[in-house]
Amino acid sequence: MQELTHYIDGERVKGTSGRFAEVFNPATGEVQARVPLASVEEMDRAVQVAAAAQPSWAAVNPQRRARVFMKMVALLNRDMDKLSEALSREHGKTLPDAAGDIQRGLEVVEFCIGAPHLLKGEFTDGAGPGIDMYSMRQALGVTAGITPFNFPAMIPMWMFAPAIVCGNAFILKPSERAPSVPMMLAELMEEAGLPKGILQVVNGDKAAVDAILDHPTIQAVGFVGSTPIAQYIYGRGASNGKRVQAFGGAKNHMIIMPDADLDQAADALVGAGYGAAGERCMAISVAVPVGEETADRLIEKLVPRIEKLKVGPYTSGKDVDYGPVVTAAAKANILKLVESGVEQGAELVVDGRNFSLQGYENGFFVGPHLFDRVTPEMDIYRKEIFGPVLSTVRAASYEEALGLAMSHEYGNGTAIYTRDGDAARDFAARVNVGMIGINVPIPVPLAYHTFGGWKKSAFGDLNQHGPDSIRFYTRTKTVTSRWPSGIKEGSAFNFKMME
Ligand code: NAD
């Protein structure tokens, strides 16, 4: 069995803690590798390497730093197929979806090519008599990121690209369930010209995460994963004086108004609900048709579409709509929640519980499920299922539908399907959710905008990528300067006013 490594100081380094986690091929259920779980000492070594390498990287002028990212774009495109295959093998998602995962990360790498423009400071000429005032954005030093299994390429790139282009060193602690692609990305960054020690990958579990949160040299931590862990990371990191942005789980509602194009809405729901087996933080997991007639017609259109879904391994190529979920434990959790939905009185309109794929009986495949007449007290409504399960909650009015999205504890994304501009505008203005789609089911903002949810979907105040990421990975220093010829008076004992 393959033994994976860390990536420290420009080399693949074997784990020394003696602890490992199994990495599965979710399509077959086989263990394909084991990944080392770092100790506090191993994390500390990476931090020391990063701290030694970072000052000279920060001293490289911004345009030269950006050129590494220009080269990285070319390398990602060169290796797209290889990266997609490695990603699908550990995660289970289809090859086109894996390429999309890489592509959405690559777009943030492209965004970083323009970072010198965003790193410029501010300047006031003549802020007072003979006085100039300027501010600069400086790198923080050593930064770190902890990423989830569901986007093994995109989310690491969303973090390390802005951190590094700003002049920081970055230590990535990827998900132990999909660790290979992050390692390949670190090697590609060095091939693109990044000095050793600026991007390192330290694999691990809670012990490695806590070592990051408690390390006095690490200045900022980015996290993406489930809400309880996001809240924990935010609390522990912030109490240790670090900057933390921590993004959590989701329960994204799609509101379908009576005037919506229902074929369009049904197609969108099926793609957004079942794509990547529902393992996306921007998946739609709740459909909210407004009015009984809309609901009946929508269900009628959804059922045949869902029954036609092709579930299979990524090796079947383009013939597959979605693949397995990530682990046997994830599968068991999804099926347990489906049972709870049935027990608590929801109507299981499409039942995927007995799904089995010939030749892949040990794979972690879950058939598609559709629930109707779900109510807000049910577990399938309150909890993030993170599987191919769509719940329908019927609302009597637009206000009731809006109220559902507003009252849910998560606030990552939401969408409205309607032809009514007034309703769409009202929805976008009032709903307390971070990312809104108007006739767009998965409104993931592009790289030059920012990504982030509200409520329990995010902790911290700056979003990922876009201009916020440059603010997160730099700090402002403001200089007030006056040359001797500008000093006209002796000592001053009051607070000077600019006249
Ligand atoms: P997870 O919370 O289990 O793991 C995320 C990371 O935290 C991993 O690197 C893991 O090793 C680490 N971790 C796990 N348990 C820990 C603990 N007890 N202490 C310290 N660290 C720990 O999440 P996951 O299952 O990998 O990913 C799925 C979750 O991520 C879903 O909830 C999904 O909604 C969320 N997600 C959110 C976004 C977003 O932008 N809001 C994006 C993608 C995924």
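**Figure 1. The annotated span of the predicted model.** The unreviewed UniProt entry carries the annotation "domain: Aldehyde dehydrogenase" for residues 15–479; UniProt positions follow the numbering used here, feature names are shortened, and annotations may be inferred rather than shown by experiment. Residue numbers start from 1 along each chain as its sequence is written. The model is predicted: local features need pLDDT of at least 70, side-chain atom pairs count only at pLDDT 80 or more, and totals for chains, interfaces and linings use all residues. Residues 15–479 are 42% helix and 21% strand, and the end C-alpha atoms of this span lie 45 Å apart. Helices (H or I, at least four residues) and strands (E, at least two) are DSSP runs numbered from the N terminus.

**Figure 2. The whole protein.** The protein has 16 helices and 23 strands. Its C-alpha trace spans about 85 × 60 × 40 Å along the principal axes.

Figure 3. Domain 1 (2–248 + 457–480) and domain 2 (252–438) are given by the domain assignment, which is automatic or from a database. Their centres, taken over C-alpha atoms, are 31 Å apart. In domain 1, 18 residues are in contact with 24 residues of domain 2; contact requires C-beta atoms, placed from the backbone, within 7 Å. On the side of domain 1 that touches domain 2, helix H3 (80–91) and helix H4 (95–113) each supply at least two residues. H4 gives the most, with 3 residues.

Figure 4. All 5 of the 5 residues of strand S13 (residues 252–256) are buried, so the strand is largely enclosed by the rest of the structure. One side of S13 holds Asn-252, Met-254 and Ile-256, and the other holds His-253 and Ile-255; both faces are covered. Side chains in a regular strand alternate between the two faces of the sheet. S13 pairs with strand S14 (residues 284–289) in the parallel sense over 5 bridges; pairing requires at least two bridges found by DSSP. His-253 has Val-286 of S14 as its bridge partner.

Methods
Contact = placed C-beta atoms within 7 Å. Buried ≥ 20, exposed ≤ 12 C-beta atoms within 10 Å, placed from the backbone.
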